[in-house]
Amino acid sequence: MSHGSSHRVAVLVDEGSNPFELGVATELFGLRRPEIDRRWYDFTLCAASPAVRMNDGMFTLSGVAGLEAADAADTLIVPNRPEPRTPPEPAVAAAIRRAAGRGARLVSFCTGAFTLAAAGVLDGRRATTHWKWAAEFSARYPEVRLEPDVLFVDDGDVLTAAGSAAALDLGLYLIGRDHGAEIANTVSRRLVFAAHRDGGQRQFVERPVPAVPEASLAPLLAWVQERLDRPLSVADLAARAAVSPATLHRRFRAELGTTPLAWLTGERVALACRLIERGELRLDVVAEASGLGSASNLRAQLRRRTGLSPTTYRRRFGPAVPGPVR
């Protein structure tokens, strides 16, 4: 998204929607950000009727736009449904299908994935939903490739978040995708919420507490993040944690859903992105500061993680400084 454009975000409010998810969407995409020197989103709440009853009758939302706002949106967000087995209104499902047909970005929070699936736009796609409803979702929509252990799924133009709080994770991820990691970090600091929350929703599934819980990886992760410019290896991380590499691998899989090497590389690329966003043009300097070693490896890792070359990434998310990164 270019710095001067106004990306239109519409939240499709349906009967029984949860106020929390509406609040998340409004906070992230609807509030003015005077600390950010670029145009923000054009935000709208819309519904099939002018008055919508919220979850448990907490209140009735009135004065929202009609579904024509959904037809004009670049991003259409579908919040959760307290009773996912109840199908959405036909007009709502039709609006979602129209948005998908014209290439709009579709987003669901929590059990909103049921609404997208009922509209038929998740067939053959990767998606997630709240862990409590995962089995029900798979039974009702077997053609959807459900990933039940993650906080959110990015399947290109369709993105789905797990439980209610995961709406914050996905929302910040979308801001990062639209405006870059530095802007997403600015918003996350304003919210006092981590821009990149460790782990997946498997950590929240109801299960017995182990008799001797393992120590968190948080101290190790913080130690590594302060030393990303150094040539750290998985063996170095294991030594710091005083465990074997095999044990470290198992703990990373259990807590973060990834491997130590993949996490370390991701952190290095994230740091490289922030340096480019801040205006550093010399790829060798970025590669050394982020621990990626060489400009060629930086190019390869950045393209693998973001789909963009360093020059394109700087043009899209960096300061308005002429000239390519070198």
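These notes run from the whole chain down to single residues.

**Ground rules.** I am working on a predicted model, where local features need pLDDT of at least 70 and side-chain atom pairs count only at pLDDT 80 or more, while totals for chains, interfaces and linings use all residues. Residues are numbered from 1 along each chain as its sequence is written, and side-chain values use heavy atoms, with hydrogens and water left out.

**Whole chain.** I counted secondary structure and found 14 helices and ten strands. Helices (H or I, at least four residues) and strands (E, at least two) are DSSP runs, numbered from the N terminus. I then checked burial: 48% of the 326 residues are buried. Buried means under 20% relative accessible area, with a 1.4 Å probe and protein chains only. Next came contacts, meaning heavy atoms within 4.5 Å. Of those between residues at least 6 apart in sequence, 63% join residues at least 24 apart.

**Cavity.** I searched for cavities on a 1 Å grid over the protein atoms alone; a cavity is a set of points where a 1.4 Å probe fits but cannot get out. Points are joined across faces, edges and corners, and a volume is the space filled by probe spheres set on the points. One cavity of 30 Å³ or more turned up. The largest cavity has a volume of about 40 Å³. Its lining residues (an atom within 4 Å of a point) are Leu12, Asp14, Ser17, Val78, Pro79, Asn80, Arg81 and Thr115. I sorted that lining into three nonpolar, three polar and two charged residues. Here Ala, Val, Leu, Ile, Met, Phe, Trp, Tyr, Cys and Pro count as nonpolar, Asp, Glu, Lys and Arg as charged, and the others, Gly among them, as polar.

**Asp14.** I followed up this lining residue. Asp14 sits in the loop between β1 (8–12) and α1 (19–30). Buried or exposed? Asp14 is buried, at 7% relative accessible area. Beyond neighbours within four places in sequence, Asp14 contacts Val52, Arg53, Arg81, Pro88, Glu89 and Val92.

**Helix α8.** I listed the buried residues of α8 (218–225): Leu220, Leu221, Trp223 and Val224. Down the axis of α8 they fall within an arc of 160°, so they line one face of the helix. The arc is taken from directions from the helix axis to the C-beta atoms. Their cover includes α9 (234–241), α10 (245–256) and α11 (260–277).

**Cysteines.** I looked for disulfides, pairs of cysteine sulfur atoms within 2.5 Å. The whole structure has zero. Cys110 is buried at 4% relative accessibility, and Cys273 is buried at 5%.

Definitions and conventions: On a 1 Å grid over the protein atoms alone, a cavity is a set of points where a 1.4 Å probe fits but cannot get out, and a pocket is an open set with protein on both sides within 12 Å along at least five of seven lines; lining residues have an atom within 4 Å of a point. Buried means under 20% relative accessible area, exposed over 50%, partly exposed in between (1.4 Å probe, protein chains only).
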